[in-house]
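The following note is meant for a colleague who is opening this structure for the first time, and it goes from single residues to the whole. Please keep the sequence and the 3D view at hand while reading.

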Amino acid sequence: MSDRHPIVEDRRSVLSGVIGAGTVLLAGCSGGDGGDGSDGSDGSDGSDGSDGSSGNGDGADGESYELVMGGSSQGSTNYNSMQALARALGQHSDTLSMSVQQTQGNVANMYQYDDGNVDAVATDNNTITKALNGADRFEEEPVDDIPYQSFRINGLDLFWVAVEGSGIESTADFPGNTIYPIQPGFGTRLLTEELMREHGMWDEVDILNANVGDVPGAIEEGRVDALAVYGSNRVALTGWAQEIDARNDVYLVEVADDFRQTIEEVGGARLAEIEPYGWNQDVTQVTDSITSWNLDLQCLIGSEVPADAAYEFARVSHEHGETIRESDETYADHSDPEDMTVSVIPEHPVHQGVAEFYQENDVWDDSWEIGESES
């Protein structure tokens, strides 16, 4: 891949140390026979640890193409889903392999691609919409280059829980308390913060900014009263929420009517009433249902990725879901190709190779735009 944009200083807070803590590599550029992956390390300067370029095989003449994917933080839903898909590519594709790079989250991934560090990213529809419109963080630090859409890989059910002993029963009780709205830089944080600001709650509470891995300790130390957590596809809690479940006593919070209305009014959030899942403790002392603001996750693929490689990316996800879910049980079911298209944002192009896959499977919508690849 060419160096489209150098990393600039005002992005250091988002990008510093983003790549380097957990790179997993499957198959070489010309190998094509797959592998089960191994942990490695690289530089912390935003490069991939080699020559500063993420380019690989060109995908032509039967050569294997290695896709460098920005996967979000280790243990996150996006990261786990991309690891699972990389494993399936290693087992079931002779022409495409994928390395998954650990980053600081869905928002950081948009800058990683714009700075030329990765070929593709796993992110969420709210972050994509904000980047397209130059809103929120992207207003001050816009991205010039946004990769093309592919398909929905997962969905997040976000909801509130309170800490045992906090006295909180409803979102109406939040003012004056310390709230954890998820880790800064996460797409889930971007959406949760937007809801809180739109509701008028943001300035009425104290905000705990911390990495998700530090939250169980913060709860034990009495530094947080309520927090947003999430699960994936109504199957399992995300890894860090499972750690909270193992170490801390928490319970579901009643969502007041005014906050429920805010969920319905904010674009990118999808209101849902669902049953609790994934908890090993009883979390229903106050309410026995979850009021969630749902967030769709999808992969974006760069224009420099050949159409054949993007087509293969979609094909393996469609044909080998069982292999993928052996590693990530929450990964979306793509046995019906139509279910792959549910997260398409009409205002942004779909990658040419994925569009060809949709057309061949009769799930393409002619109102969508095709983003042509460069090769």
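**Notes on the predicted model**

1. Met110 sits in helix H3, which spans residues 106-114; helices here are DSSP runs of H or I with at least four residues, strands are runs of E with at least two, and both are numbered from the N terminus. The model is a predicted one, in which local features need pLDDT of at least 70 and side-chain atom pairs count only at pLDDT 80 or more, while totals for chains, interfaces and linings use all residues. Residues are numbered from 1 along each chain as its sequence is written, and side-chain values use heavy atoms, with hydrogens and water left out.

2. Is Met110 buried or exposed? With a relative accessible area of 2%, Met110 is buried, where buried means under 20% relative accessible area, exposed means over 50% and partly exposed lies in between, for a 1.4 Å probe and protein chains only. Apart from residues up to four places away in sequence, Met110 touches Val121, Thr123, Thr127, Ala131, Phe138, Val143, Ile146 and Leu300, a contact being heavy atoms within 4.5 Å. Met110 and Ala122 are twelve residues apart along the chain, and their C-alpha atoms are separated by 9.1 Å.

3. Asn126 belongs to helix H4, residues 125-133, and counts as buried because its relative accessibility is 1%. Its side chain is joined to that of Lys130 by a polar contact of 2.9 Å; such a contact is a pair of N or O atoms within 3.5 Å, of which, within protein, one must be able to donate a hydrogen and the other to accept it, and residues adjacent in sequence count only if both atoms are side-chain atoms. Not counting residues up to four places away in sequence, Asn126 touches Leu190, Leu191, Glu194, Gly267, Gly268 and Leu295.

4. Gly267 lies in the loop between H9 and S12, and, leaving aside neighbours within four places in sequence, is in contact with Asn126, Lys130, Leu191 and Glu194. Although Gly267 and Leu191 are 76 residues apart in sequence, their C-alpha atoms are 9.2 Å apart in space. Asp136, in the loop between H4 and helix H5 (137-140), touches Lys130, Leu190 and Glu194 when residues up to four places away in sequence are not counted. Asp136 is partly exposed, because its relative accessibility is 39%.

5. Which residues of helix H9 (residues 257-265) are buried? They are Phe259, Thr262 and Ile263, and they lie on the same side of H9 because they cover an arc of only 100° around the axis, the arc being that of the directions from the helix axis to the C-beta atoms. The face turned away from this buried side carries the exposed residues Asp257, Glu264 and Glu265. The cover over the buried residues of H9 includes strand S6 (148-163), helix H6 (187-199), strand S12 (270-274) and strand S13 (290-301).

6. Ser72, in the loop between strand S3 (65-70) and helix H2 (77-92), has a positive phi of about 80° although it is not a glycine. Ile182, in the loop between strand S7 (178-180) and H6, also has a positive phi, near 85°. Ser72 is buried, with a relative accessible area of 2%, and Ile182 counts as buried at 0% relative accessibility. Most residues other than glycine have a negative phi.

7. The largest nonpolar core has 90 residues, and those with the most contacts inside it are Met98, Trp160, Trp293, Phe313 and Tyr358; a nonpolar core is a set of buried Ala, Val, Leu, Ile, Met, Phe, Trp, Tyr and Cys residues joined through side-chain atoms within 4.5 Å. S6 gives the largest share of this core, nine residues. A second, separate core of 15 residues includes Val68, Met110, Phe138 and Val143.

8. For the protein as a whole, there are twelve helices and 15 strands, and 59% of the 375 residues count as buried. Among contacts between residues at least 6 apart in sequence, 78% join residues at least 24 apart.
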